Amino acid sequence: GGGSDSETSIIISSSELDVIWEAVDSYTPPFYKGKALAPIGTKIKVVAMPSVGGLKNLSYTWSHNGSVVKALSGTNKDSITIKTDALSQRESFSASVSGGTFEGQSETSLDLRDPSAILYTKSNGFVDYANGFTNFLPINSAGLTLRVEPFNINVGKNVSDSLDISFDIEGEVFRGEVLPQELAITKPENPGQSSLKINITSLKEKFQIIKRAFTLSF
């Protein structure tokens with residue numbers, strides 16, 4: 001008949017925790033419905049969201065690429081914003097959250113992407129966003145405006161104060177007279193083809209460069 005050991009245990013609910021990221025200053029055109037991707041040198045905001053709502057005074061421990069970020073961790077610090085390293089190609093973030101009976105941990109990772117650009121045509125003040133071009137562009141009307149839209153590059157208040165955009169047609173460099181993203185072209189009398197090179201450089205992040213080559217067919 002001996003006695004029985006008694007053991008008191010506290011059950012900590014290991015609840016779900018979602019960790020999501022967004023590229024803070026990465027540009028996509030207003031019509032674009034997708035998520036902005038993160039280029040090299042952008043700021044990434046990461047938010048930890050416990051599945052249980054209404055919890056207060058939770059303690060958040062944040063890690064970036066495997067190293068704890070003490071300066072950005074602490075009570076109620078449910079988000080961090082970190083600028084990516086210029087040499088990094090992949091970023092990982094994890095959050096460990098505890099408080100009261102709640103405990104959770106989760107992580108997220110993302111690949112850094114090169115900025116890109118798509119070329120559109122504009123006529124009568126209307127940009128045909130339904131048809132974008134990435135290499136070959138037929139010029140069918142006598143007077144046409146080309147509009148380039150950058151994707152996933154750092155932009156502040158607007159494109160004109162953040163990016164330098166140039167159009168190179170057969171070695172002659174042009175810049176947009178009204179908007180830096182737009183170049184009006186005239187269809188030549190004789191049919192043929194011309195090479196167009198578009199260079200877009202960030203005025204703030206030297207590693208963010210877009211170089212695209214197109215063929216214009218008249």
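# Strands and rings in a predicted model

Reader: Which residue is the bridge partner of V19 in strand 3?
Author: A strand is a DSSP run of E with at least two residues, a helix is a run of H or I with at least four, and both are numbered from the N terminus. Strand 3 covers residues 43-50 and is joined to strand 2 by bridges. In strand 3, V19 has as its bridge partner A48.

Reader: What kind of model is this?
Author: Residues are numbered from 1 along each chain as its sequence is written, and side-chain values use heavy atoms, leaving out hydrogens and water. Local features need pLDDT of at least 70, side-chain atom pairs count only at pLDDT 80 or more, and totals for chains, interfaces and linings use all residues, as the model is predicted.

Reader: How many bridges join strand 2 to strand 3?
Author: Two strands pair if DSSP finds at least two bridges between them. Strand 2 and strand 3 run antiparallel, and the number of bridges joining them is 7.

Reader: Which strands are at the edge of the open sheet?
Author: The open sheet has 3 strands in the order 2-3-7, with antiparallel pairing. Each edge strand pairs on one side only, and these are strand 2 (17-23) and strand 7 (79-83).

Reader: What is the average twist from one strand to the next?
Author: Axes here are lines fitted to C-alpha atoms (for helices, over the stretch in contact), with angles from 0 to 180 degrees between N-to-C directions. From one strand to the next, the twist averages 20°.

Reader: Why is the protein chain said to be more spread out than a compact globule?
Author: The protein chain has 18 strands and 0 helices. Its radius of gyration (taken over C-alpha atoms) is compared with a globule rule of 2.2 Å times the number of residues to the power 0.38. For 218 residues the rule gives 17 Å, so the chain counts as more spread out because its radius of gyration is well over that, at 25 Å.

Reader: What does the C-alpha trace span along its principal axes?
Author: S73 and F126 are 53 residues apart along the chain, and their C-alpha atoms are separated by 48 Å. Along the principal axes, the whole C-alpha trace spans about 110 × 30 × 30 Å.

Reader: Is S73 buried or exposed?
Author: S73 is found in the loop between strand 5 (67-68) and strand 6 (74-75). Leaving aside residues up to four places away in sequence, S73 touches Y60, T61 and W62, where a contact means heavy atoms within 4.5 Å. Relative accessible area (1.4 Å probe, protein chains only) under 20% is buried, over 50% exposed, and in between partly exposed. At 15%, S73 is therefore buried.

Reader: Which residues do ring pairs link into a cluster?
Author: Y120 and Y129 form an edge-to-face pair, 5.0 Å centre to centre with 75° between the planes. Y120 is buried at 4% relative accessible area, whereas Y129 is partly exposed at 28%. The cluster linked by ring pairs consists of F31, Y120 and Y129.

Technical notes:
Rings of Phe, Tyr and Trp (its six-membered ring) pair if their centres lie within 6.5 Å; planes under 30 degrees apart count as stacked, over 60 as edge-to-face and the rest as tilted.
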